[in-house]
Amino acid sequence: MKTSEMRELTVEELQAKALELRGELFNVKIKKTTGQLENTAKLTLLRRDIARAETLLHEKRGATK
């Protein structure tokens, strides 16, 4: 999912998306371990999508350091 598409989501939708992506990442890791995963680039793409969602959540919540 593109960042521009993620920016349109609400905080609750971003949280749900991040949770969904984590579940998918778990399943892909299991497939990789068992040798059933053909497209290993999917791991990297999922990790990046999770990072995008978490970054946008951080921005939308207005967290400051």
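**View 1. Leu56 and the residues it touches.** Leaving aside residues up to four places away in sequence, Leu56 touches Thr3, Met6, Arg7 and Leu14. This is a predicted model, and Leu56 has its place in helix 3. Take the pair Leu56 and Leu14: 42 residues separate them in sequence, yet their C-alpha atoms are 7.9 Å apart in space. Is Leu56 buried or exposed? Leu56 counts as buried because its relative accessibility is 3%, and buried means under 20%.

**View 2. A patch of positive charge on the surface.** Here you can find Lys29, Lys32, Arg47 and Arg48 gathered in a positively charged surface patch. Two elements, helix 2 (11–34) and helix 3 (41–61), each give two or more residues to this patch. Arg48 sits in helix 3 and is exposed, with a relative accessible area of 52%.

**View 3. The whole protein, for orientation.** Along the principal axes, the C-alpha atoms fill a box of roughly 40 × 20 × 20 Å. Of the 65 residues, 25% are buried. Among contacts between residues at least 6 apart in sequence, 63% join residues at least 24 apart.

**View 4. Surface and charge.** The accessible surface comes to about 4,900 Å², with 51% of it belonging to carbon and sulfur atoms. As for charge, there are 14 positive and 10 negative side chains, and the centres of these two sets lie 7 Å apart.

Key:
Residues are numbered from 1 along each chain as its sequence is written. This is a predicted model: local features need pLDDT of at least 70, side-chain atom pairs count only at pLDDT 80 or more; totals for chains, interfaces and linings use all residues. Side-chain values use heavy atoms; hydrogens and water are left out. Patches are made of residues with over 30% relative accessible area and no salt bridge: like charges are joined within 9 Å, nonpolar side chains (Val, Leu, Ile, Met, Phe, Trp, Tyr) within 5 Å. Accessible areas come from the Shrake-Rupley method with a 1.4 Å probe; for residues, only the protein chains shown count as cover. A salt bridge is a side-chain nitrogen of Lys or Arg within 4 Å of a carboxyl oxygen of Asp or Glu. Lys and Arg count as positive and Asp and Glu as negative; His and the chain ends are not counted. The place of a charge is taken as NZ of Lys, CZ of Arg, CG of Asp or CD of Glu. Helices (H or I, at least four residues) and strands (E, at least two) are DSSP runs, numbered from the N terminus. Buried means under 20% relative accessible area, exposed over 50%, partly exposed in between (1.4 Å probe, protein chains only). Contact means heavy atoms within 4.5 Å.
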